[in-house]
Amino acid sequence: MNIEIMLVIGALALLDMFSPSIIGVSVYVLLVAKKQQIRLLLTYLMTVALFYFSTGIFLMLGLGVIFNPISNLLDSYSARLIMTIVGAALFIGSWLVPKRKTNGAPKPKSLHVSSMVALGFTTSILEVATALPYFAAIGILTSNQIEFYEWLPLLAGYNLIMIAPGIILLCFHLLFRRFMNKPLRKIQTLFDQRTSSTLSWVMFFVGLILLINGGMI
């Protein structure tokens with residue numbers, strides 16, 4: 001595996017760090033839970049990571065059967081033209097996404113381990129269809145015919161990076177509990193009043209990556 005592929009996968013993983021649900025739920029648990037904050041939040045984060053990790057393995061194994069016979073075609077003019085067109089559409093569309101307010105990140109009705117597992121599965125299922133950076137990363141890995149022993153740890157690392165914001169917030173909360181309450185509430189307010197800017201940024205970066213792979217940049 002060359003360093004260029006690793007850098008692109010790493011960039012996509014960093015983009016996936018800004019998941020509204022992961023950050024929003026993490027903030028909510030730290031603000032509301034009076035007991036077992038570590039256990040509750042890690043349960044949620046690991047549920048999300050395991051869901052995406054399992055989904056990634058399934059797609060890697062399934063897509064491999066499809067991509068292997070046609071891997072040589074991905075370097076063709078037609079393939080690059082398609083990547084360029086799709087990339088340009090996403091890049092331009094990122095500036096045209098209409099702004100709309102939402103109700104903030106999903107919140108558990110009760111703070112128990114079982115409810116955090118259920119919330120992790122629910123948010124993952126609802127968001128997996130729009131996980132453009134993750135699908136882009138899997139597409140890159142499959143198209144480059146990366147070996148199993150190479151893509152498996154890379155996929156695991158991707159998912160750990162994706163849940164890193166929740167872990168970082170938890171560490172800061174444990175270390176600076178007195179000073180974190182106000183910043184956490186500001187973050188919660190920001191996510192409760194967020195617009196579609198997250199989708200816009202995702203479209204922007206994925207489109208840019210496709211344009212680069214298409215040879216236009």
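Modeller: Residues are numbered from 1 along each chain as its sequence is written, and side-chain values use heavy atoms, without hydrogens and water. As this is a predicted model, local features need pLDDT of at least 70 and side-chain atom pairs pLDDT 80 or more, while totals for chains, interfaces and linings use all residues.

Biologist: Why is α1 called roughly parallel to α7?

Modeller: The axes of α1 (residues 3–16) and α7 (residues 148–162) cross at roughly 30° and come within 8 Å. Angles under 35 degrees count as roughly parallel, over 145 as roughly antiparallel, 65 to 115 as roughly perpendicular and the rest as oblique, so α1 is roughly parallel to α7.

Biologist: Which residues of α1 and α7 meet?

Modeller: From α1 come I9, L12, A13, L14 and D16, and from α7 come L154, Y158, I161 and M162; contact means heavy atoms within 4.5 Å. By class, eight of these are nonpolar, none polar and one charged.

Biologist: What makes N181 partly exposed?

Modeller: Its relative accessibility is 37%. Buried means under 20%, exposed over 50% and partly exposed in between, with a 1.4 Å probe and protein chains only, so N181 counts as partly exposed. N181 belongs to helix α9 (residues 177–192).

Biologist: Where is confidence lowest, and where highest?

Modeller: On pLDDT, the predictor's confidence in each residue from 0 to 100, helix α10 (residues 197–213) is lowest at a mean of 64 and α7 is highest at 91. The protein averages 77, and 73% of the residues score at least 70.

Methods. Axes are lines fitted to C-alpha atoms, for helices over the stretch in contact, and angles run from 0 to 180 degrees between N-to-C directions. Helices (H or I, at least four residues) and strands (E, at least two) are DSSP runs, numbered from the N terminus. Ala, Val, Leu, Ile, Met, Phe, Trp, Tyr, Cys and Pro count as nonpolar, Asp, Glu, Lys and Arg as charged, and the others, Gly among them, as polar.
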